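Here is a briefing for someone meeting this protein for the opening time. Please look over the sequence and the model before reading on.

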Amino acid sequence: MADRPSFDAALWISALLSHFPELSEELAPGRPGNACAPGRGPSGPHHDALLREERREALLTQRLHGVTAPGHSAAPIRLHISDTIRDITDGVVELEEAVHARLGLPRPRRARVPERLRRIGALLDRIAEDRDLAGHVTAETRRMARRCARALGDVETPVRVSGRCPWCDSVSLRALPDSRTALCVNPACRCADTTCGCHDDPAYRHVWPEAEWQALADASGCDPAELEAAVSAPPSVPSAPQGARR
C-alpha cells in the first residue's frame, strides 16, 4: 500500500484533472450576467482601456498555455481566471520537472496540463519512496487544486475538530484547510486579548495559526494530529456526468 502522502496526491491530481478544464469554460466571454456583454455595462475611455487590457491578457494566455476563450476573439475575459490558469500551468510544469530531477529521469517532454498531471500520477509509486518528494508533490497539488476550486467559486468549508474552545468552553473549534488555521465559530466567544477583532467585530472569530496549534491542543484537549489531518484532507472528486468521458 502506498504511503499516505502519495495517496493524497493521487486524489488532488484527480481533482485537478476534473476541474482544471472548467477554467477554460469560465474564460468564455459573453456568459449570462456578464456586465461587459455588448449593449450592457459602462462605456467610456476607462472602460475601453480595461477591455484592451483584458484582450491582451486573453491573447497572452492563449499563446503561453494553448487556452482559447470560446466565442468572439475580441471579447473580454475574467482576469482572475486567466491568472489561475497561468499559475496552475506554471506550477504543474515546475512540479513535473522537479519530480524528474529528483528521480533522475530525463527532462519531461512538453505537454498540456492534463497530460503532465497524468504523467506525475503514473510516477506516484516511485515518488512515495522519497518522503520529502511525496510531501512536496502533495502540498503543491493540494495548493493548485484549492486555487482552482476557489476560482470556480467553491467556498471553503470549515472542518470540525474535537476539544473545547479554551475561551468559551464550547465544542465549536473548526479548522480551515486553505489558511491552515483553527478558529472558534461560537459568535459569543471572546478571547482574553482585548485588541483581538473578536471584541469589536461581530463577523470576526478568534483564530489560531498553525504555529499555535500545540498551545491550542494543550488548552482545549484537541489533538494536533487531528488538526493537521483536517487541513490536509483531500477533496471528494465528483464523478463526471454520464457521456462526458470520451
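Predicted model: local features only at pLDDT ≥ 70, side-chain atom pairs only at ≥ 80, totals over all residues.

Residues are numbered from 1 along each chain as its sequence is written, and side-chain values use heavy atoms, with hydrogens and water left out.

**Whole protein**

- The protein has 8 helices and 4 strands, where helices (H or I, at least four residues) and strands (E, at least two) are DSSP runs numbered from the N terminus.
- Read from the N terminus, the order of the elements is α-α-α-α-α-α-β-β-β-β-α-α.
- Of the 246 residues, 38% count as buried, a term that means under 20% relative accessible area, with exposed meaning over 50% and partly exposed lying in between (1.4 Å probe, protein chains only).
- Among contacts (heavy atoms within 4.5 Å) between residues at least 6 apart in sequence, 59% join residues at least 24 apart.
- The protein exposes about 14,100 Å², of which carbon and sulfur atoms supply 53%, with areas taken from the Shrake-Rupley method with a 1.4 Å probe.

**Helices α3 and α4**

- Helix α3 (residues 79-103) packs with helix α4 (residues 113-122) at an angle of about 35°, their axes being 10 Å apart; the axes are lines fitted to C-alpha atoms over the stretch in contact, and angles run from 0 to 180 degrees between N-to-C directions.
- On the α3 side T89, V92, V93, L95 and E96 take part, and they meet V113, R116, L117, R119 and I120 in α4.
- The residues of this contact divide into 6 nonpolar, 1 polar and 3 charged, where Ala, Val, Leu, Ile, Met, Phe, Trp, Tyr, Cys and Pro count as nonpolar, Asp, Glu, Lys and Arg as charged, and the others, Gly among them, as polar.

**E96 in α3**

- E96, placed in helix α3, is buried, with a relative accessible area of 1%.
- Its side chain makes a polar contact with the side chain of R119 at 2.7 Å, such a contact being a pair of N or O atoms within 3.5 Å, of which, within protein, one must be able to donate a hydrogen and the other to accept it, and residues adjacent in sequence count only if both atoms are side-chain atoms.

**R143 in α6**

- R143 sits in helix α6 (residues 131-151) and is partly exposed, with a relative accessible area of 33%.
- A polar contact of 3.3 Å joins the side chains of R143 and E140.
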